[in-house]
Amino acid sequence: MRRFRALWVRLKGILSGGRENEEFDAELESHIAMHIEDGVRSGLSPEEARRQAQMRLGGAEQARQAYRERRTLPGLESLLRDIRYALRGFHRNPVFAITAIATLALGIGATTAVFSVVDRILFRSLPYAHDDRLVSVGLTAPIIPEEFMLGGSYYAWRDNQKPFEAFTSETGVDECDLTERNPARLRCASVEANFLPTLGISPILGRNFLPEEDRPNGPKVTLITYGLWSSHFANDPAIVNKLIDIDGSHIRVIGVLPKDFEMPTLQTVDVLVPEALDEAAQRKADPGRVMYAFARLKSGVTIDQARRELQPVFNYSLNLAPAPFRKEVHLMVRSIRDRQVHDVRLVAWLLFGAVLAVLLIACANVASLLMARAAARERELAVRSVLGASRGRLIRQALTETLMLTLAGAAAGSALAAMLLHVFISIAPAGIPFLVNAHLDLRIILFTVLLSIFCGVVFGAFPALTRPRVATLTARSTGPGAHNFLRRCLVVGQIAITLILLSCAALLFRSFRGLQGQNMGLQTQGVLTARIALPRYRYTTAQQQMEFALRAEAALRRLPGVQAVGMSDSVPPGEIHGEQIYNNIAIAGRPRATSGTGGMVTWRSVTPEYFSALDIPILRGSGFIEQERMSNDRSLVISSLLASRMFGEQNPIGQHVQPVPNGPWYTVVGVAANVKNAGLSGADEPELYQLRRSFAGDWNPFTVMVLKTNLSPVAAAPWVRSQIAAIDPTIPVDIETLTQTVNSLADRPRFETALLGFFALCGLLMAVIGLYGVIAFMAAQRTQEIGVRMALGATRSDILRLIAGEGVRLIVLGGVVGLGAALAAAQLLKSLLFHVGAHDPVSFIAVTLLLALVALAATLIPARAAMNTDPMNALRVE
Amino acid sequence: MAEKTDVWQGTLALMVLKTLQAMGPQHGYGLARRIEQTSGDRLQLNYGTLYPALLKLEQEGFIRSRWGVSENNRKAKFYELSKAGQRRVLKAAAEWEQTTEILARFLSPMEES
């Protein structure tokens, strides 16, 4: 207890300042006086008495020192003194402090924000037990972008595979309707009975599917997601064993999925139902149902091993494929994580690299700043050292300063990171998984802060470690020293890294411009699309589905300002559309192709006004006409790309074509201009348009209405909605302008370009600050030399050349190193670039010029200042 | 709380407290001289170490100080025992006696019993 009291008193002592020390001086004085009086009384001379008194005291100064140390807490007091001293220093040189803190904040902030995003994408753990052993297995073929399985092969694989301890499948996610008092459109995934056990997921309530429920006509059961359980059933545990209505039939809820459940394909789902395939029928089917297979590796088996061991079953499937296509079918085994992030991976690594580069530049800047400061204070340190400051004392002082800067930078950086993350999430395109729930990660903040502390400690405390040279006290000016060499290296490195960042950003920017500026081959202005998906349980027959579409068409045509209403099953450029294999299309009077698939052909089923609604010109022939919708003729319009491929110079009009083997024959009635139909960056595919006639067989529940209007889309959208609601108010309609659709296709490249551009500019800014700092500092150090040179007759331009030459050397060296590295780095970007070579000269030249100009400006400012030095003043400085 | 880590420090503190108990309020110099006298001039204090020791006792709340006037009409700082200090003297003296008694048993020639 007494010790705490003493500690408290001593803590208060720190704050009370010098008054008590004066009091002790008085006490000491009276002590000495009394001692002297005693001495004189006992017969000593006053001088001798004073000497004795001093001696017995052991030196007045030592006594004072001992008293002071007891009065307060010396360690804490000197820390506070260091902090006060550092603050004074920052106040005296605010540019230094602000630059250092801003640089650190930018480095820490940007790194933390990007790391938080990238971490979720690349390194997060999947919500499955032992997710490192889960793989996605299947075939790849041009027709489906991701690996898939077919009913005809899946069961053979499942029975004969060796590398997996469990093998399961799902048959995709479909829209379905919850038809209760509170109806909603849901997403239903159909999965095999062993799907959840294979992934290592158990329901939080109820049980998993039983094998007998996963059979055709088995009991109708479902597992619902946590989200649906909360939103529709108020988290009521009594939901288990209740019946709910999905698509008009009663289905028993047998369990609730965990909160973090997600499909391995990351598709959104609300309910799981058994896929209930007829196994015997599928085994015989060719090709059978499209499925997606997932498996759990036996422990110790690698993915490569699994791929080798699957070769026999793969060969079995290959033999089922039509002979001409076999070369284009491959086996795919990869981790679920790879399947999820395959196309985001490169972007994630790119961001990661960019941010690491920015962090490096920031660290180099801080190091450079601290070193300059240390060099400028070399004399001060020497003086303090000579006056008795221990080396530990000086190091502690340097560390205190560094830590203060770093902590301030870290605080500002964390705030910046939170802001940046917010910005990222708001500008990020939809396709990047998990971005929405990315949050700032404390570990990452800690990591970046530690890194910058490390940087600061190494470069900030290093000068204090070397014993200050006594020579600096007498030298007329401080010499260049080894620090300057290191600083030059840092600047060269910064310029090089900046050049890499800038050139990558420039390449992406050019690619993005190219993407946006290209000719779509269709009109996007004033076009509105309305997507309708009819619920199958209410519109059970194709006849009903067609009637709905025709009524909607008629209603929309009556709207004022609507110039054309076309109907289709999909709309270019980005929507998923029908595709078929080119070599499956037969042309009358010609032999069938026998080798390869010949690539894919886009296929759409449209009404005649589709072309006028999108302003796609018909180049030859009449195209489809309204009257044809009622006729029994089967006609086709083909794109000019397909026309030249099929018929070359021949006239395609009137030719007969059989698009599907053993299907009906069609007559070509028109050639339409090409449109972009494989997204913004994909190569155009040849395209085939089939007339959507007014016969039930040409219709299905999905229709896109394409409206050309001279109204503003904002005004037209509610009218369209109300017209369709007038027919059936329960049908959900998805209305979008085509401009919006096309814009959202460019979201991803826009995001990449914006982020990389941001980092490149940050890097440029910091590199320029670094360069400016080095040159200005060197010029200041050489003030006297400049004075001497001028006194000896050097002209001002000589001085300019002397100082700027130093900067130019650094810029050239950094530029050359950076250009080499940038050319290599650009190779990695290749797959992100559109119509721009990885070594695009325009980008590289522009970037190099930009960097050179900005960097030159940064050297010229201090060089001009040096040029205007008054030689008399320069020589008088000492 | 007994200070056992530093015997010298502990003994000086005890001497100070004991002296203050015997003499009443006293200034630093007088205190030092009195301690030396009491020891029969066998102790020679370093006066420089006395003041930190006094400060420590004051911080711990065993003594109080105030400015006053000495017998020679000189301004001086006087120290006196607090209540806690008085309790402390009794306790520390008892402890010290016990310690010396035990030590004495070790140091005196061993007697066969």
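Because the model is predicted, local features need pLDDT of at least 70 and side-chain atom pairs count only at pLDDT 80 or more, while totals for chains, interfaces and linings use all residues. Residues are numbered from 1 along each chain as its sequence is written, chains are lettered from A and ligands numbered from 1 in the order in which they are written, and side-chain values use heavy atoms, with hydrogens and water left out. Chain B and chain A bury about 2600 Å² between them, and the rule finds four salt bridges across their interface. The structure holds one disulfide over all chains.

**Interface of chain B and chain A**

- B:Tyr29, B:Tyr51 and B:Gln59 supply 27% of the area that chain B buries against chain A, more than any other three residues.
- The rule finds 13 residue pairs in polar contact across the interface, both residues being at pLDDT 80 or more. A polar contact is a pair of N or O atoms within 3.5 Å; within protein, one must be able to donate a hydrogen and the other to accept it, and residues adjacent in sequence count only if both atoms are side-chain atoms.
- Helices (H or I, at least four residues) and strands (E, at least two) are DSSP runs, numbered from the N terminus.

**Salt bridges**

- The whole structure contains 42 salt bridges over all chains, each a side-chain nitrogen of Lys or Arg within 4 Å of a carboxyl oxygen of Asp or Glu.
- A salt bridge joins the side chains of B:Arg74 and A:Glu37 (2.5 Å, N to O).
- A:Asp25 pairs with A:Arg64, the closest N and O atoms being 2.5 Å apart. Because A:Asp25 lies in helix H2 (residues 19-41) of chain A and A:Arg64 in helix H4 (residues 60-71) of chain A, the pair ties together parts that are 39 residues apart in sequence.
- A:Asp25 is partly exposed at 29% relative accessibility, and A:Arg64 is partly exposed at 24%. Buried means under 20% relative accessible area, exposed over 50%, and partly exposed in between (1.4 Å probe, protein chains only).
- A:Glu192 forms a salt bridge with A:Arg158, with 3.0 Å between the closest N and O atoms. This pair links distant parts of the chain, A:Glu192 in the loop between E4 and helix H8 (195-199) of chain A and A:Arg158 in helix H7 (residues 151-160) of chain A, 34 residues apart.
- A:Glu192 is buried at 6% relative accessibility, whereas A:Arg158 is partly exposed at 23%.
- A:Glu279 and A:Arg283 form a salt bridge, the closest N and O atoms being 3.0 Å apart; both lie in helix H10 (residues 279-284) of chain A, four residues apart, about one turn of the helix.
- Salt bridges that share partners join A:Glu37, A:Asp38, A:Arg41, A:Arg56, B:Arg33, B:Glu36 and B:Arg74 into one network.

**Disulfide and cysteines**

- A:Cys176 and A:Cys188 form a disulfide with their sulfur atoms 1.7 Å apart, the criterion being a pair of cysteine sulfur atoms within 2.5 Å.
- The link of A:Cys176 and A:Cys188 is right-handed, with 85 degrees about the S-S bond.
- A:Cys176 lies in strand E3 (residues 164-178) of chain A and A:Cys188 in strand E4 (residues 184-191) of chain A, 12 residues apart.
- Both A:Cys176 and A:Cys188 are buried.

**Chain A overall**

- Chain A has 29 helices and 23 strands.
- Buried residues make up 50% of its 878 residues.

Technical notes. Buried area = accessible area lost by both parts, 1.4 Å probe.
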